[in-house]
Amino acid sequence: MKRAIIDSKKCKSCKVCEVESKCTMHAPFREIPDQKMWIDFYKCSGCMKCKTICPNNAVNEIIQPCNGKGKLGW
Ligand code: SF4
Ligand code: SF4
């Protein structure tokens, strides 16, 4: 399964995160304002629409592995 992941070296902790505001799954989050963004893999659908939205190119694509029991890993 595809998932989006934020590259913390590229994320500039924008005051308004375009990735967060455009994601319909509400997967991007941060606990403190101005912190770097995280993606909640349980909410992310892997649509990758956010990949072209971030002005700093901070969104990468990763593959979430299966744990061998018919469920996703992590
Ligand atoms: S993910 Fe992109 S838009 Fe969102 S805070 Fe980081 S750099 Fe800014
Ligand atoms: S891949 Fe899709 S669901 Fe996941 S964070 Fe990006 S826009 Fe949201």
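Visitor: What share of the contacts with a separation of 6 or more comes from residues 24 or more positions apart?
Guide: In this protein, 58% of them. Two residues are in contact if their C-beta atoms, placed from the backbone, lie within 7 Å.

Visitor: And what sort of model is this?
Guide: A predicted one, where local features need pLDDT of at least 70, side-chain atom pairs count only at pLDDT 80 or more, and totals for chains, interfaces and linings use all residues. Residues are numbered from 1 along each chain as its sequence is written, while chains are lettered from A and ligands numbered from 1 in the order in which they are written.

Visitor: Which helices and strands are there?
Guide: One helix and four strands. Along the sequence the pattern reads β-α-β-β-β. These are DSSP runs numbered from the N terminus: helices (H or I) have at least four residues, strands (E) at least two.

Visitor: How much of the protein is buried?
Guide: 22% of its 74 residues. Buried means 20 or more other C-beta atoms within 10 Å of the residue's own; exposed means 12 or fewer; partly exposed is in between, with C-beta atoms placed from the backbone.

Visitor: Which residues touch the most other members of the largest nonpolar core?
Guide: Ile 6, Val 19, Cys 50 and Val 59, in a core of 14 residues. Such a core is a set of buried Ala, Val, Leu, Ile, Met, Phe, Trp, Tyr and Cys residues joined through C-beta atoms within 7 Å.

Visitor: What does Cys 50 contact, leaving aside neighbours within four places in sequence?
Guide: Ala 4, Val 19, Lys 22, Cys 23 and Val 59.

Visitor: Which residues are closest to ligand 1?
Guide: Cys 11, Cys 14, Cys 17, Cys 54 and Asn 56, out of 13 around it. That shell divides into nine nonpolar, two polar and two charged.

Visitor: New topic. Where is His 26?
Guide: In the loop between helix H1 (18-22) and strand E2 (28-29). His 26 has a positive phi of about 55°, although it is not a glycine.

Visitor: Is His 26 buried or exposed?
Guide: Exposed, because 10 other C-beta atoms lie within 10 Å.

How values were computed
Near = placed C-beta within 6 Å. Nonpolar A, V, L, I, M, F, W, Y, C, P; charged D, E, K, R; others polar.
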